[in-house]
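Subject: Handover of a structure

Dear colleague,

Please find below the structure that I am handing over to you. My notes on it follow.

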Amino acid sequence: MGNISNNIMDAIGNTPLVRLNRILDGQRRVFAKLEGSNPAGSMKDRTSHLIISELIRKGIISRGGTIIESSSGNMAAGLAQACLFYGLNLMVVVDPNLNPHTHKLLKAYGAEIVMVHEPHPTGGFLAARLEKVKELLATVPNSLWSNQYENPNNPRAHHTTMSEIMAALDNNLDYLFIATSTCGTLMGCADYIEKNGFQTKLIAVDAVGSVLFGNKPGKRKIPGHGAGIPSKFLDTSKLYDVLHVSDLECIKGCWKLLNEEAILAGGSSGGIVSAYLKYSRYISKDSTAVLLFPDSGERYLDTVYNMEWVRENIELENIPSTIGYLKNRANLKTFEDAAV
């Protein structure tokens with residue numbers, strides 16, 4: 001008999017770890033952690049549940065109260081499910097990059113959607129969303145900001161993610177590739193690695209146009225990947241390296257993953273695939289690597305997997321394949337260099 005969960009929140013976690021046999025012709029031990037298998041569809045289910053359940057446990061908010069949060073999509077869906085389960089209202093501040101599928105999903109869960117239409121002059125859409133959150137907190141009674149950007153339960157939620165990976169691989173993991181956003185997942189895994197004395201090398205995969213590692217801001221079309229303002233969690237001393245991938249690389253990675261592994265994954269997962277393929281030449285063939293895929297591809301059917309949208313929104317030629325670095329050096333100049 002399979003495992004039985006007492007409720008939908010108990011079904012979060014224990015997501016599949018799947019070997020990728022084809023993207024490098026089966027020559028390496030590389031696995032994908034499929035966080036899209038969580039009940040609301042992403043790794044943010046873990047974050048949402050821990051944040052909300054701890055607020056309730058500590059009596060900071062109770063049934064009938066209102067959670068307010070800024071999100072590019074996945075956190076909104078995770079919070080919508082958790083808030084519905086615990087009897088809370090949710091107001092989620094989003095921007096035009098929110099994909100249509102997630103918009104419909106939030107409506108189904110009963111969340112109130114507040115859209116900001118213009119980016120902040122210095123912090124992009126993220127700063128604009130956070131500004132709107134503060135406005136709402138001042139006017140909505142019995143409301144609370146869950147604050148995924150600073151809440152310590154964001155990284156703490158991913159100690160469990162890391163423990164699942166290590167248990168499945170008998171604590172034998174050489175490289176872990178994780179996409180950036182709030183950097184909660186990244187630093188939660190980093191903390192677990194450090195606390196347990198593992199030698200796993202943590203590779204951050206950031207977006208071209210993200211400011212997280214000190215680069216200049218730029219336009220980005222793939223949601224949930226990169227950020228327009230610095231992270232409160234990020235500690236670069238705990239990272240082994242950082243790679244930057246363009247929107248086009250995210251899209252090509254998604255299609256490669258779909259065509260070769262039959263895995264329909266989200267935009268940032270495609271970025272991780274492209275980053276791994278670029279970096280694999282520097283990884284010994286007897287190493288074990290895990291790619292943490294934040295969500296599945298259903299929410300991207302109208303964007304990443306819609307070639308009409310791609311042609312209209314993505315610069316298809318002369319896209320640089322840039323690589324930032326902390327300790328290591330790699331000279332990868334074009335997307336074609338990555339052999340993707």
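For residues 9-295, UniProt gives the feature "domain: Tryptophan synthase beta chain-like PALP", from an unreviewed entry; its positions are in the numbering used here, feature names are shortened, and annotations may be inferred rather than shown by experiment.

Please note that this is a predicted model, in which local features need pLDDT of at least 70 and side-chain atom pairs count only at pLDDT 80 or more, while totals for chains, interfaces and linings use all residues. Residues are numbered from 1 along each chain as its sequence is written, and side-chain values use heavy atoms, with hydrogens and water left out.

The sheet

An open sheet of mixed pairing is formed by 6 strands in the order S1-S2-S10-S7-S8-S9. Its edge strands, S1 (17-19) and S9 (241-245), each pair on one side only. Two strands count as paired if DSSP finds at least two bridges between them. On average, neighbouring strands of the sheet are turned by 25 degrees against each other, direction ignored. Strands S7 (residues 175-179) and S8 (residues 201-207) pair in the parallel sense over 5 bridges, and isoleucine 178 has alanine 204 in S8 as its bridge partner.

Helix H6 (residues 158-168) lies across S1, S2 (29-34), S7 and S10 (288-293), and runs at about 140 degrees to S2. Axes here are lines fitted to C-alpha atoms, for helices over the stretch in contact (heavy atoms within 4.5 Å), and angles run from 0 to 180 degrees between N-to-C directions.

The nonpolar cores

A nonpolar core is a set of buried (under 20% relative accessible area, 1.4 Å probe, protein chains only) Ala, Val, Leu, Ile, Met, Phe, Trp, Tyr and Cys residues joined through side-chain atoms within 4.5 Å. The largest has 36 residues, of which Leu20, Phe177, Tyr276, Leu291 and Phe293 touch the most other members. Elements that each supply at least two of its residues include S2, S7, helix H8 (247-261) and helix H9 (267-279). The largest share, 6 residues, comes from H9. Apart from this core lies another, of 31 residues, among them Phe31, Cys183, Ala190 and Leu292.

Individual residues

Two residues other than glycine have a positive phi. Alanine 262, with phi near 60 degrees, is found in the loop between H8 and H9 and counts as exposed (over 50%), at 63% relative accessibility.

Proline 155 lies in helix H5 (residues 153-156) and is buried, with a relative accessible area of 9%. Leaving aside residues up to four places away in sequence, proline 155 touches Gly184, Met187, Gly188 and Phe233.

Serine 296 lies in the loop between S10 and helix H10 (307-313). Beyond four places in sequence, serine 296 touches Gly36, Gly41, Leu264, Ala265 and Gly266.

Yours sincerely

Notes: Helix = DSSP H or I, 4+ residues; strand = E, 2+ residues; numbered from the N terminus.
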